[in-house]
Amino acid sequence: MNKYIKGDRTVVANAKGFLLDLDGTVYLGDSLIPGSDKFISALADDGRKWLFITNNCSKNPREYSEKLTRLGIDTPVERIFTSGELAARVLRSKGVSRAFVLGTPSLVEQLEQFGIVHDAQDPQVVLSSFDLTLTYDRLLEAVRFAQKGLPLFATHPDMVCPTPDGPIPDSGLITGMIEHCCDGKATYLGKPMTEMVQGASERLALEPSSLLFIGDRLYTDMRMANDAGISSVLVLSGEATLEDLEDSPYKPSLVADSVASLIPFL
């Protein structure tokens, strides 16, 4: 079966640094997308730099490192950059040290590393996220705080998270429930904020113009790349389809069925 690839293939050869999404790009659930491990090996063999960037902060970098290594991609913690880290940096810059966190214990742990604690009594803000431990009572607590006028932040705007059994509700849908109960709108962080590209650029010690972003979503991944002015690859192994691309204002430099299809163009 021929692999699908369409667009400017030179962006792969010209990139000095690769920014890779995880869910839907490198793996689905607990299974590697075929050939993604070979692609990472090819980057290492070619002396390229790479960083995994994910909006899914239901796990923290340590857990992602352990998962990727277990799946066959040896990954130190330093190669993981999550929307949770960006959220922590943004909130700290605003003087926030207490937040009502509608998120997993793993996100709470990561925030604590940046000096932000979960506070269910006197928080300064509400931070909503992809919460696999969500209960109605905790959702209602977040709603009540937001109704009292506390600023509402969301780690990322993704509406669904791809899984082998089909998409499941993500941060955008969970945060939307809070928004519908309040007058205000959330401030969404993570991709597509271009600060994610800037943070990755600093982590890799490379100019943004030398980076290539690879992801499976149009409204976060491709939008971020477009807004940041960097080259991009849309892979069809996750959320987006060719039909979605036709109607989207966010256009990638290249479209491929998976990261494995990019190996010949390194």
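**Aromatic rings**

Mentor: Start with this: F18 and F39 are both buried. Keep in mind that the model is predicted.

Trainee: How many aromatic pairs does the structure hold?
Mentor: It holds 2 aromatic pairs. In one of them, the ring centres of F18 and F39 are 6.0 Å apart. Their planes meet at 75°, so this pair is edge-to-face.

Trainee: Where do F18 and F39 lie?
Mentor: F18 is in strand β2, residues 17-20. F39 is in helix α2, residues 36-45. So the pair ties together parts that are 21 residues apart in sequence.

Trainee: And F100 with F145: what are the distance between centres and the angle of the planes?
Mentor: The centres are 5.4 Å apart and the planes are at 45°. That angle makes the pair of F100 and F145 tilted, because edge-to-face needs over 60 degrees and stacked needs under 30.

Trainee: Which elements does that pair tie together?
Mentor: Strand β7, residues 98-102, holds F100. Helix α6, residues 136-147, holds F145. The parts they tie together are 45 residues apart in sequence.

Trainee: Is F145 buried or exposed?
Mentor: Buried, because its relative accessibility is 11% and the cut-off is under 20%. F100 counts as buried too, at 2%.

Trainee: New topic, charges. Which ring does R79 sit over?
Mentor: The ring of W50. The charged end of R79 is 3.7 Å from the centre of that ring.

Trainee: What about K67, which residue's face does it lie over?
Mentor: K67 lies over the face of Y27, 3.9 Å from the ring centre.

Note on methods:
Residues are numbered from 1 along each chain as its sequence is written. This is a predicted model: local features need pLDDT of at least 70, side-chain atom pairs count only at pLDDT 80 or more; totals for chains, interfaces and linings use all residues. Side-chain values use heavy atoms; hydrogens and water are left out. Rings of Phe, Tyr and Trp (its six-membered ring) pair if their centres lie within 6.5 Å; planes under 30 degrees apart count as stacked, over 60 as edge-to-face and the rest as tilted. Helices (H or I, at least four residues) and strands (E, at least two) are DSSP runs, numbered from the N terminus. Buried means under 20% relative accessible area, exposed over 50%, partly exposed in between (1.4 Å probe, protein chains only). A charge sits over a ring if NZ of Lys or CZ of Arg is within 6 Å of the ring centre and within 35 degrees of the ring normal.
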